[in-house]
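Hello,

I am handing over the structure we discussed. Please look through it before you read my notes.

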Amino acid sequence: LFTFKDIEVLTNMTTIEIADGSFALGNGASIDVKDFVNSFRSYTLKGKEDYVKLRRDAFKSADSNRSGYCSLAELEPMISQILCEDLGKERGQYLFELFRKSYIRSFSAAAKLGTEDKVASADDYVKFSEFRMFLTYLCVYAVMYDAFSIIDGELSDDRADDDQRIELSEWMKCFEAVKDYGFVGLEQIITEDDATNAFKKMDSDGHGKVLLIEWCEFIIEAEKHHDTSLGKLFSGDLKLTRLSTPKPRGKSRSKSIGKKEEKKVVLPKVGGAFLLGGSCSEDVKDFVAVLHALSQKSDQGSDLRQKIFSSMDSNGNGDCSLAEANGFLLSKLKSDAESKERGEYLYKRFYPSYIRAFNNAKAIDPTGDNDYIQFAEFRLFCAYICVYAVMYDAFTFIDGMGPSAERDEDKRLQKQEWLERFATVQNHGFVAFKGIKSVGEATKVFEKMDADKGGVILLSEWCDHIKNEEILHGTPTGRLLKGASKPQKVTPKKK
């Protein structure tokens with residue numbers, strides 16, 4: 001809690017600058033964001049070896065397996081620890097959660113830098129050469145979000161009134177409150193006419209509301225247009241730090257923050273066609289790790305499938321029902337996952353995807369019994385189980401904002417959820433979501449997914465859209481889902 005005197009002192013404090021003066025935080029910013037930015041300011045500075053060491057140590061703490069790449073999931077615990085060490089656990093954790101909506105934007109902006117020397121799928125991670133810019137963007141996007149929150153709900157004590165969109169009435173009432181934040185696009189809004197015109201420009205999809213992503217795009221475009229130092233930071237035309245993270249000597253390892261040390265497992269293509277993207281959750285990666293071998297065209301895979309199918313087909317009639325397939329999945333996950341409990345969790349976690357994989361597989365042979373799958377379709381079923389699980393994983397990133405145990409999902413995507421979070425699934429491995437660069441493009445994708453024009457996207461519509469786009473683009477995944485691979489006309493061995 002802060003007294004009026006505390007607020008007065010902090011409001012009139014020396015201007016906070018980051019990235020060697022590239023951005024100066026205005027005095028109108030809240031105490032919360034000033035504390036947040038102050039905690040990371042030193043990490044954004046160039047020159048002194050002390051600053052480089054700060055970044056190197058922070059990067060090492062996140063990159064627990066020394067791969068040289070960090071995902072957002074690895075970086076978030078680092079953000080939390082820096083805040084808690086600098087401001088105390090309670091204050092630090094509060095600020096971590098308060099500005100968390102801005103982290104994905106900071107990460108995406110940094111991950112796009114230096115793409116010329118990245119390997120495939122590496123834009124799902126941040127390298128050390130991009131790390132200073134990630135921390136810079138972290139501060140800037142937090143300030144953008146703070147200004148957004150000033151308007152949205154007028155920064156009530158618990159922000160309970162925030163609905164993550166700005167109405168015109170909110171904007172006209174409070175636009176003057178964000179003039180002194182340090183952004184040129186907001187500084188130039190003087191009159192009500194200026195404010196009205198700015199709102200129309202922000203509202204890129206013309207729906208009468210400004211979403212956070214539209215707000216950020218408006219601010220960044222204004223900085224670029226006026227060729228400011230901040231605009232140059234977002235131009236992508238930067239000379240990145242070419243320092244490598246030191247390799248550990250011997251068996252020593254610095255401690256990772258907030259989690260066990262892990263190894264990044266590179267999975268082969270599912271069914272020889274589909275490659276998981278780096279933004280997939282650890283849950284779906286573990287799920288696919290257990291099952292992908294069954295989708296491979298190999299003698300070993302064929303022998304394994306024959307053995308499993310025979311155990312599923314208890315009466316030996318050559319047909320397996322969905323219930324029998326589900327029993328196999330549960331048994332396989334419990335026996336091959338890290339633990340029995342982990343296997344049961346993964347089985348329940350991706351349960352909604354099983355019926356879709358089953359229906360896709362049984363439709364391959366129109367001459368067969370439509371209530372069952374045969375051995376000829378079993379390899380593709382195993383591949384589809386993995387692919388549809390990844391589709392469902394991406395769906396949950398939007399619906400309820402990620403695969404947490406407490407996610408607020410309702411099995412349907414609202415347009416606002418999609419427009420706010422589409423960036424989180426662009427690297428799941430599906431062509432349908434790659435290259436969406438603006439709210440306008442994201443809006444068109446939503447309208448295309450919404451097949452029944454009900455204003456929400458159901459899981460079935462989500463999966464159909466992904467499948468159709470893969471087929472339309474002629475990708476290996478599209479050919480796999482279309483059933484272009486010839487089913488194995490092999491009679492399973494009797495038990």
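Here is what I found, from the whole chain down to single residues.

First, the ground rules. This is a predicted model, where local features need pLDDT of at least 70, side-chain atom pairs count only at pLDDT 80 or more, and totals for chains, interfaces and linings use all residues. Residues are numbered from 1 along each chain as its sequence is written, and side-chain values use heavy atoms, with hydrogens and water left out.

The protein chain has 22 helices and eight strands (DSSP runs, numbered from the N terminus: H or I of at least four residues for helices, E of at least two for strands). Of its 495 residues, 54% are buried (under 20% relative accessible area, 1.4 Å probe, protein chains only).

Look at helix H7, residues 131-151. Its 21 residues reach 31 Å from first C-alpha to last, close to the expected 30 Å (1.5 Å times one less than the number of residues). H7 is mostly covered, with 21 of its 21 residues buried.

Next, Thr44. This residue lies in the loop between helix H2 (31-40) and helix H3 (49-62). Thr44 is buried, at 0% relative accessible area. Leaving out residues up to four places away in sequence, Thr44 touches Ile18, Ala19, Asp20, Arg55, Arg132, Leu135, Thr136 and Cys139 (heavy atoms within 4.5 Å).

Last, the cysteines. The whole structure has zero disulfides (cysteine sulfur pairs within 2.5 Å). The sulfur of Cys382 has its closest cysteine sulfur in Cys386, but at 7.6 Å that is too far for a bond. Cys382 is buried at 3% relative accessible area, and Cys386 is buried at 0%.

Best wishes

Note on methods:
Buried < 20%, exposed > 50% of the residue type's maximum accessible area, 1.4 Å probe, protein only.
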